[in-house]
Amino acid sequence: MDTKKILEDSLKRSDEAEIFTVVSEKEPVGFEANRLKTLSKTSGQGWALRVIKDRKIGLSTSTYPNSETLISRACDASDFGKNVEYSFPSNFSYKKNKNTEINVPLDKMVDMGEKIIKTLLKEWPSLLLEANISRSSGFTEILNSSGFNSSYEWNSFSAGVGGTLIKGEDMLFVWESFGWSEFKDYSDVIINSLHEQLKNAENISETPNENCPVIFTPRGFVTTFIEPLISSFNGINIVEGISPISEKMGQKIFDENITIVDDPTISGALGERPFDDEGVPASKNTLIQNGVISGNLLNLESAYKLNLQPTGSASRSISSPPTPSTSVIEVKPGKYLYKELISGLKEGIIVDQLLGAGQGNELGGDFKGNVLLGYRVKDGKILGRIKNTMISGNIFDCLKNLSWISRDTNWIYGSFNVPHIMCENIQIASST
Amino acid sequence: MNEEKIKNQILDACSSSDADFLEIRVEETDSTRINFKAKKLDNLIQNQGLGGNVRALVKGGWGFVCFNDLNNLKNNVKSAVMQAKRASSDNYIPLTGFEPVKDKIVSSFPKSASKIKISEKIHLLKHYNDLIWSTEGIQSSDLIYGDSVRKIFLVNSFGTELIQDSHHVVFRASVQAREGGDVQQSGFSIGSLGDYSVVQGLDNQIKDTVNKAKTQLLSKPVDGGEKTVVLDPILAGVFVHEAFGHLSEADHVYENDQLKEMMVLGKTFGPKNLNIIDGAQIPNLRGSFKYDDEGTPSSKTDLIREGVLVGRLHSRETAAIMKEKPTGNARSIGYNFPPIVRMTNTLIENGDSDLSDIFGDIKEGIYAKNWYGGMTSMEMFTFSSGESYMIRNGKVEEMVRPVMLSGNVFSTLHNIDAIGKDLDMNQGGGCGKGGQMPLPVSNGSPHIRIQNCLISGN
């Protein structure tokens with residue numbers, strides 16, 4: 001579709017306009033029940049048009065080229081639209097990222113899956129594995145009436161492998177995944193991680209009766225804490241006064257060792273981008289500096305309402321309006337290695353996967369869930385897997401004082417670089 | 001788009017392959033979403049969509065190609081067949097028992113949401129929003145209204161030619177109250193198969209939600225542990241969906257010998273008075289339809305009869321491989337996904353307990369109502385209440401903070417010791433599986449009581 005023409009035509013019926021285009025292609029190779037099952041190719045395209053007329057904004061979207069409907073619907077919607085006092089941002093110059101094409105052949109992706117499955121089945125013959133190995137690429141473009149006219153290309157390669165092991169009426173699920181903007185052969189890392197999970201989970205251990213320290217692996221941290229954290233720093237929730245940190249900018253409310261940064265400039269991470277989905281330049285955004293609230297996630301609208309500069313945090317899909325979100329999250333590591341920290345621990349549980357995280361009152365910072373994959377630690381050793389166990393807590397309570405943060409970090413989904421942490425103040429409930 | 005033109009284009013492309021099975025599905029969608037946040041209209045979005053996919057099967061291997069541009073159909077067919085060949089193997093079970101259908105389904109009902117003017121929808125939402133903000137002590141609120149029309153064209157190499165539309169309306173209201181750093185919320189969701197009248201006349205429910213958000217702020221947390229719980233029909237609906245529904249989806253079982261053994265028909269899962277069914281054939285619910293996304297006629301499947309596992313949900317492929325009958329449960333959320341085995345309308349049938357008996361002999365327990373979410377990993381599952389109350393000596397007493405409940409499929413169903421006779425359906429939910437979310441489903445139950453149910457503290 002001729003986006004320049006859409007912009008021109010929209011401006012005949014409105015005062016300001018912005019057209020957002022996404023084109024993407026994804027090719028996953030899928031394994032089921034230990035064998036290659038499906039090859040797919042998913043292509044998508046979409047356009048989202050926002051117009052401002054008499055300071056009121058309207059939006060319409062489409063996945064097929066039908067510019068007349070797109071324009072008339074956006075203009076009609078603006079009649080009912082909310083008032084906006086901001087304008088779309090103007091162009092800026094940035095260094096185009098090197099055009100790294102994803103050139104891994106499908107056969108290599110199939111080989112990777114087969115190698116992982118074959119290796120793990122040797123030691124665990126009754127393991128049932130599924131895998132999804134995928135390459136994708138895409139293109140994002142924004143054109144607006146303030147003169148913004150830029151685009152960027154992105155690529156990703158990801159691999160996720162899950163295993164199920166059933167003994168009687170006991171089911172064990174293990175899972176590992178990796179992603180990055182270029183091809184990397186993750187097979188050994190995945191094999192080692194799944195191997196370790198299977199080993200640690202070999203025996204079932206009793207959940208400690210008393211509330212004991214809880215260790216979150218990097219994946220456990222992302223599942224449990226990231227959503228409530230993002231929700232608190234989300235500019236829209238701050239504007240509405242429903243974020244618990246609404247009036248706490250500059251205050252120290254977390255452990256002094258906690259520093260969390262949202263950084264879309266980290267090269268190669270999934271989420272790296274030169275500008276956000278409204279055309280605001282991407283930059284490093286420190287959310288928590290040594291326990292002090294020092295930033296938040298703002299799109300154009302929430303920035304305007306808070307009288308702050310937008311932080312380049314707007315994200316959108318084709319069919320939804322831009323809202324504040326994160327790009328690439330880094331949690332600053334601590335001093336000691338995870339293994340050393342575990343070996344010095346008398347009693348505790350490790351949470352690696354939490355089922356139902358996100359169903360609690362996230363706005364208030366609450367989290368709870370069933371420990372889908374977790375272990376008991378006693379006298380420095382991992383005894384085995386814990387089952388039928390729920391944990392619950394509040395991020396503002398349990399991130400206030402951390403027992404420790406590990407020096408080693410893991411990249412989760414290519415977008416979160418996170419250490420292991422240990423905290424107290426978490427309620428543990430289990431059935432006997 | 002021109003209906004005949006699309007159909008002929010698809011038929012033409014479908015005739016040209018050497019796959020064991022080829023299917024082309026094209027979809028046209030149109031949807032509207034209106035969102036009020038706090039005191040104002042926040043967003044009004046209209047989305048129009050067109051896209052399709054080709055699915056090819058060659059010796060047990062699948063190829064799947066999805067696209068927005070319909071002008072390249074024949075090439076897409078070629079790619080899908082090539083992919084399927086790459087994934088094929090010599091050890092496979094062919095798709096059998098495929099009865100082709102030729103049909104055209106056009107839904108019609110008196111108050112179709114797609115025919116209501118946008119200004120009228122906004123007016124109604126504004127009325128509800130004003131109602132929320134006419135009370136004191138509210139920090140923020142969200143009203144989300146959505147309606148959609150999806151028209152699919154489905155053609156396959158076994159002779160199916162189907163045109164079918166589906167309409168949906170959803171509405172969710174949530175209200176947030178705040179005291180210092182404590183933020184609490186209350187909400188409800190409803191939905192229908194395109195009938196707009198379901199979102200009208202909700203004043204009392206809105207007022208009730210506002211009051212509950214405020215009361216919740218004053219309520220106390222409970223300690224986690226095993227407790228006697230009573231679930232209302234809405235939350236019990238979510239319970240049956242998470243606790244048992246997903247495990248009855250045959251795609252988890254069909255290639256897993258151990259799970260097949262564990263889920264063998266005839267195995268006892270619950271008490272004698274427990275009966276669970278699923279079926280899109282049950283009319284006028286959000287999971288109702290005439291044909292699934294593979295063109296299989298919908299049905300009604302007994303999953304648990306008198307506590308015993310008697311059936312499961314199938315796609316064409318899982319049915320063929322397990323040598324059982326397809327049930328019409330292959331569903332896809334849109335053209336960019338292949339159909340997979342999904343639930344439709346899932347429910348626990350009425351039992352024989354009066355409400356007074358269900359609560360009557362509980363010394364101390366939790367009454368959990370309304371839903372916030374649910375998830376399963378087959379064996380373990382969690383589901384969250386929207387509101388919770390203490391039960392003492394058979395009486396429902398003060399509100400407490402909403403609890404999350406968790407269970408184990410092999411024990412929790414056995415712990416159901418009372419089933420009411422007030423079956424009600426929850427129409428406001430959506431189900432997620434394999435990245436496809438939210439798929440319209442409904443679920444329901446009468447009031448049920450569960451002994452020793454694990455709940456989380458807050």
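## Basis of the model

This is a predicted model, in which local features need pLDDT of at least 70 and side-chain atom pairs count only at pLDDT 80 or more, while totals for chains, interfaces and linings use all residues. Residues are numbered from 1 along each chain as its sequence is written, chains are lettered from A and ligands numbered from 1 in the order in which they are written, and side-chain values use heavy atoms, with hydrogens and water left out.

## Where chain B meets chain A

Chain B puts 78 residues in contact with 73 residues of chain A. Contact here means heavy atoms within 4.5 Å. The size of an interface is often given as the accessible area lost when the parts come together. Between chain B and chain A the buried area is about 6300 Å². Carbon and sulfur atoms give 52% of that area. Buried area is the accessible area (1.4 Å probe) that two parts lose on being put together, summed over both.

Eight salt bridges cross the interface of chain B and chain A. The rule asks for a side-chain nitrogen of Lys or Arg within 4 Å of a carboxyl oxygen of Asp or Glu. One salt bridge joins A:K37 to B:E255, with the closest N and O atoms 3.9 Å apart. On the side of chain B that touches chain A, strand β2 (residues 40–58) of chain B gives the most, with ten residues. That side has 32 nonpolar, 34 polar and twelve charged residues. The classes are: nonpolar for Ala, Val, Leu, Ile, Met, Phe, Trp, Tyr, Cys and Pro; charged for Asp, Glu, Lys and Arg; polar for the others, Gly among them.

## Strands that pair between chains

Strand β2 (residues 35–53) of chain A pairs with strand β3 (residues 61–67) of chain B. The sense is parallel, over five bridges. A:K41 stands opposite B:V65 in β3(B). Strands (E, at least two residues) and helices (H or I, at least four) are DSSP runs, numbered from the N terminus. Two strands pair if DSSP finds at least two bridges between them.

## Two domains in chain B

Chain B is assigned domain 1 (3–218) and domain 2 (225–455). The bounds come from an automatic or database domain assignment. The domain centres, taken over C-alpha atoms, are 22 Å apart. Domain 1 of chain B brings 47 residues to the contact, and domain 2 of chain B brings 33.

The area buried between these domains is about 3200 Å². In domain 1, B:I93, B:L193 and B:Q216 lose the most area to domain 2, together 15% of what that side buries. Five salt bridges cross this interface. B:K290 forms a salt bridge with B:D103, the closest N and O atoms being 3.3 Å apart.

## A sheet in chain B

Six strands of chain B form an open sheet, in the order β11-β10-β9-β14-β23-β20. The pairing is mixed. β11 (308–309) and β20 (424–426) of chain B stand at the edges with a single partner strand each, so one side of each is left without a neighbour in the sheet.

Strands β9 (residues 276–279) and β10 (residues 300–305) of chain B run antiparallel, joined by four bridges. B:D278 has B:T301 in β10(B) as its bridge partner.
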